[in-house]
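I opened the notebook to record what I looked up, item by item. The entries are in the order in which I made them.

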Amino acid sequence: GNFTNNMTNASLLFANGKEIYILPPSHNYTVTVTGLDNGTFAFITKEVIGNSSKEISFENQTVLNGTIAKLNYSVNASELVLFVDLENDGFVDVQKTPDLFISSEYNASEKATTFNISASKGKHLLLESDEHGVSIQMDINKSLESEELTIASKPNELLKDQDGRIIGGMFDITSQNLSNAIENTSLRIYFSESTLNELLLNRSTLSIYWWNSTDWKEINSTVDSTFDMVEANVSHFSYYALGVPQLPSWVNLTDGWNMFGVPVGIANYSLPDALSSIAGSYDWVFYFNATTDTWQYFNPSMPQFSDLKTLEAGRGYFIQMTDNATLNFTGTMLTSLTVSLEVDWNMFAPPLGLTNYSLPTALNSIAGSYDWVFYFNATSDAWIFYNPSMPQFSALKTLEAGRGYFIQKIGRAHV
């Protein structure tokens, strides 16, 4: 039953006896005992290092009704002498485990990819699931045989995301035994440019988040624009997803009429929810719909008669405050926002995150297509304006995230 370096396995049939295997070093082996109706077997080994040896004993293993019993052992010394002592007749198989073997299977009904991994200590693994757009890299710190890791898509409503941070899908990464056998683990989640454009998001704001059983927590991440992926080091298996940080934004409003806008992408634009931070401190919200050339309104005391049902990022609004209050928004940065403007008067609002709010730079995309920009300053109770033809007489010098404005277009365009 002696191994040589060129052999991959050795099997012996025996009868109530003892068999000896000499195993070469630098490999991982699996010893399998089968064919016993009932009984026990014991592995007694000696690891030979030079001229000395170290005895290694394993506990007796019970085999019932022909059940297969396996023992994994990694040989790192000069050689390993393995004595197999059995009480009953049986069959012993000693097999050299491949240095690295990975198989995967996708279950469409469960939306899950399961990897089966056999690897020797020190191997670097790369597991990729095209179905989920997820890959995992890890170093193995102990030998593995037929260990499983599963990546499963989960519906976004499974875990609450009240602040709207999570984009794309959520992934449940699980393994029964791998957690204690790996190190230097990194997770990669891929994204599509079309999804970012649809959500008006900038890739630089992306991070990987993990679920801590009550909330989503951001992990220090790196965005790779070449391969459209986000990468982060992880220390455990859990629920993971791509997300964007929450950005607090606020607008101080004065008793009386004010102009405001929604500067970030919020989870709920519907009224009155979007204005919950100033509930009880306002009466009216007005919006001039340039497409229909009509005013729309919302009044929290009579929502059933109000035709303004939701706010919209990029649009400006009038609000009548009954008291001084601070309007708070928390949401995602909208670094790319397109607002359609009709000929003549429109209401608009710039988002948080512009690199330059000064006029006329902030409106460069519609240069030559507008005459006037008006803003009602509630603090001074006065209108101020900007006109690109006479900037020296214009009191309005910069736009401000969270404020709403009137703009007069002289040609249909987008800002």
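**Aromatic pairs and what surrounds them**

I started with W383, which at 44% relative accessibility counts as partly exposed. The model is a predicted one, and I kept that in mind for each entry.

I then looked up the rings of W345 and F406. Their centres are 6.2 Å apart and their planes stand at 90°, so the pair is edge-to-face, the angle being over 60 degrees. W345 lies in strand 29 (residues 344-348) and F406 in strand 32 (residues 405-409), so this pair links distant parts of the chain, 61 residues apart. Is W345 buried, partly exposed or exposed? W345 has a relative accessible area of 28% and is partly exposed. F406 has 10% and is buried, because buried means under 20%.

Next I counted. How many aromatic pairs are there? The count comes to 24 aromatic pairs. One of them is formed by F318 and W383: the rings are 6.0 Å apart centre to centre, with 80° between the planes, and the pair is edge-to-face. It joins distant parts of the chain, since F318 is in strand 26 (residues 316-321) and W383 is in strand 31 (residues 382-386), 65 residues apart. F318 is buried at a relative accessible area of 11%, whereas W383 is partly exposed.

**The whole chain**

I looked up the totals. The protein has one helix and 33 strands. Of its 415 residues, buried ones make up 46%. The protein exposes about 20600 Å², and carbon and sulfur atoms supply 47% of that area. Among contacts with a separation of 6 or more, 69% are between residues 24 or more positions apart.

**Nonpolar cores**

In soluble globular proteins, nonpolar side chains tend to be buried together. Which residues touch the most other members of the largest nonpolar core? This core has 48 residues, and those that touch the most other members are F260, L275, I278, V285, I319, L363 and V373. Several strands each supply at least two residues of this core, including strand 22 (247-253), strand 23 (256-261), strand 24 (282-289) and strand 30 (370-377). Strand 26, strand 29 and strand 32 are also among them. A second, separate core has 32 residues, including L125, I140, I189 and F191.

**Strand pairing**

I followed strand 14 (residues 144-154) to its partners. It pairs with strand 11 (residues 112-119) in the antiparallel sense over seven bridges, and I117 stands opposite E147. Strand 14 also pairs with strand 15 (residues 166-174), again in the antiparallel sense, over five bridges. There S153 stands opposite F171.

I did likewise for strand 20 (residues 229-233). Strand 16 (residues 182-190) pairs with strand 20 in the antiparallel sense over five bridges, and the bridge partner of Y190 is M229. Strand 19 (residues 222-224) pairs with strand 20 over three bridges, also in the antiparallel sense. V223 stands opposite V230 in that pairing.

My last entry is on the turn. How many residues lie between strand 19 and strand 20 in their hairpin? There are four residues between the two strands, and D228 in the turn has a positive phi of about 55°.

How values were computed. Residues numbered from 1 in each chain as written. Predicted model: local features only at pLDDT ≥ 70, side-chain atom pairs only at ≥ 80, totals over all residues. Heavy atoms only, no water. Phe/Tyr/Trp six-rings, centres within 6.5 Å; stacked < 30°, edge-to-face > 60°. Buried < 20%, exposed > 50% of the residue type's maximum accessible area, 1.4 Å probe, protein only. Pairing = 2+ DSSP bridges. Core = buried A, V, L, I, M, F, W, Y, C linked by side-chain atoms within 4.5 Å. Contact = heavy atoms within 4.5 Å. Areas by Shrake-Rupley, 256 points an atom, 1.4 Å probe, with all protein chains shown as cover.
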